[in-house]
Protein chains: 2
Amino acid sequence: MNLLITGGAGFLGQQLIRALLARGELAVSNDGAARPITRITCFDQIEGDLDDARVRNVAGDIADPGMVSSLINAETGAVIHLAAVVSGTAEADFDLGMRVNIDGTRAMLEACRRAGSCPRVVFSSSVAVFGGDLPAVVDDAVAPTPQGSYGVQKLIGEWLVHDYTRKGFIDGRSVRIPTVVVRPGKPNGAASGFASNIIREPLAGREAVLPVPVDTRMWISSPRSAVANLLHAASSPSSAWGWNRSLNLPGLSASMGEALAALEKVGGVAARARVREAHDPAIMRLVRTWPDRFNTARAHAMGFVADPDFEAIVRAHAADYPPA
Amino acid sequence: MNLLITGGAGFLGQQLIRALLARGELAVSNDGAARPITRITCFDQIEGDLDDARVRNVAGDIADPGMVSSLINAETGAVIHLAAVVSGTAEADFDLGMRVNIDGTRAMLEACRRAGSCPRVVFSSSVAVFGGDLPAVVDDAVAPTPQGSYGVQKLIGEWLVHDYTRKGFIDGRSVRIPTVVVRPGKPNGAASGFASNIIREPLAGREAVLPVPVDTRMWISSPRSAVANLLHAASSPSSAWGWNRSLNLPGLSASMGEALAALEKVGGVAARARVREAHDPAIMRLVRTWPDRFNTARAHAMGFVADPDFEAIVRAHAADYPPA
């Protein structure tokens, strides 16, 4: 059984592929039986460098229908669609966001449809589909009302996944991933990137900027939990979802003050002292439209998971990415 | 000041253009001042035949970006976007629905953006954006959860209008039009078409089929009310909308039994006897997912209107379309 991970060369894709390789099998059909993973296609705009006989690294354009359809056929058991232009970039470059986040998603869905085998599709959506006049706690009944292009594009992707599923073209499910913290590597175009920067950079001995007030609260998931939840989304049977294929994932509601306290606990006073507060109105405007507390009853009942506290997230990062 | 009506050769488009010509002016900028209508471009897949010096009839493909951008420039004060593949057809021909309802809407929005003058755009959406597990009365807070491709495509159009508006590319507003009854002319591909057929055909001396039980209730608007509400949507200032550019329009909640009683009152027992009940499971399935009662408080406060009762709708049809 083959798998396709789009956006697979990103850090989350790489962690996901490593987890799949370690597992060696996945249950992607509704009989619930796990089948051996024969091949994982890692597709991204740059070629992935994970070296394993089962991994095929392919570079290309997700919005190119011909390219994408060459990656998917009747042997494709599941697609995990991570390919996306992130929030800050989608806001700054509207056309790029539309092209990758909408045209790219459509190209992937059409390729799945044409495969004719109703493959399972996991669409990585985001809490950025919420915004505007929100209740203090967002539960499973709250209507998505995105206030940024990224959130709009993700919501449109969810509805396409919903309709392709209803039509029997795919077996889709969309999971709204909390802000993933701590992202390894260099800062990226995500407006939420600072939440990772203020942990990763000080732990590595570098300075970081907090562009929002310390009482800014976010809905957060560690990379480990995000990977576990993506795999659970891929391997849970259709019957667990019903017609509603969009799901708010569990997360941790944490303020940036709590994040800095956890940093100090793990990295010491010196690490904490490397974070400087300098507000950025553009980032504050975007981030403050996202909800920071959820009641994710449906996801909990379905077996999705969250992190216990911020300190555990920082310790997991320090363990997974020890200083060089 | 120029106007563009897409889907303008359809019956609603033609009634809308006649109303605009009779009015002669429209307030489409936020100073609220009405400006004389110099030209109305009636765009559709077939050429409109309304003969007036101010009307330019153009035939073409709404999903052709080059074609659509040739219709819109800085002189375009407003676009009223009626062009769409209707519910039954969008369900039967998925690709056609995606092409016209999504690609066509995107082509129109991009042309408006490139005009650079932030034109006003009225997007005709539908109560078909609702479905699934709905409360008995749908109010302004209920989340759209469409259960058909037409509803999904309309909802995606609404979110594009929302984001293009937020970005300052257009001044958009989406109105969810109730099922329009009585449609004149021949039966079309709308799954809801029977609600018109059972009035129009018997009044013209022909037989008609009711494919759903008489207790089936629908949310209904006469063509006159639909036109009045489209014009009100085009001429209300931005400040009346705020960030939420999608609106449930007022309507009349009526059962098919009430429709038949009104038919008998206006057309007599003989007209009523021309309607035969023969259930169609495909139509029942689609129609029964649409809500039949709304609380449209927001729209009422904004000055949108509804019909008083079904008999008034039948009498208006008989007056507007007297038997030949």
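Helices here are DSSP runs of H or I with at least four residues, strands are runs of E with at least two, and both are numbered from the N terminus. This is a predicted model: local features need pLDDT of at least 70, side-chain atom pairs count only at pLDDT 80 or more, and totals for chains, interfaces and linings use all residues. Residues are numbered from 1 along each chain as its sequence is written, with chains lettered from A and ligands numbered from 1 in the order in which they are written.

**Stop 1: H1 of chain A.** Select residues 11–23 of chain A, helix H1. Its end C-alpha atoms are 18 Å apart, in agreement with the 18 Å that 13 residues should span at 1.5 Å a residue. The expected span is 1.5 Å times one less than the number of residues. Now colour Leu12(A), Gly13(A), Gln14(A), Leu16(A), Ile17(A) and Leu20(A): these are the buried residues of H1(A). Buried means that 20 or more other C-beta atoms, placed from the backbone, lie within 10 Å of the residue's own. Step on to Gly24(A), which follows H1(A) and has a positive phi, near 80°.

**Stop 2: H7 of chain A.** Select residues 223–235 of chain A. H7 also reaches 18 Å from its first C-alpha to its last. Its buried residues include Pro223(A), Val227(A) and Leu230(A).

**Stop 3: a sheet in chain B.** Show E9, E11 and E13 of chain B, an open sheet in that order with mixed pairing. Strands pair if DSSP finds at least two bridges between them. E9 (179–180) and E13 (252–255) are the edge strands. E11 (residues 217–221) and E13(B) are antiparallel over four bridges. Find Arg217(B); its bridge partner in E13(B) is Ser255(B).

**Stop 4: Ala259(B).** Which residues does Ala259(B) contact, leaving aside neighbours within four places in sequence? Select Ala195(B), Ile198(B), Ile199(B), Ala254(B) and Phe310(B). Contact means C-beta atoms, placed from the backbone, within 7 Å.

**Stop 5: the two chains.** Show both chains. Twelve residues of chain B are in contact with twelve of chain A. On the chain B side, helix H5 (residues 149–166) gives the most, with seven residues. Next, superpose the copies by least squares on C-alpha atoms of residues with pLDDT of at least 70 in both. Chain B can be laid on chain A with an RMSD of 0.0 Å by a turn of 180° and a shift of 0.0 Å along the axis. The copies are thus related as by a two-fold rotation axis. End at Ala143(B): its C-alpha is the nearest to the axis in chain B, 2.3 Å from it.

Methods. Two residues are in contact if their C-beta atoms, placed from the backbone, lie within 7 Å. A residue is buried if 20 or more other C-beta atoms lie within 10 Å of its own, exposed if 12 or fewer, and partly exposed in between; C-beta atoms are placed from the backbone.
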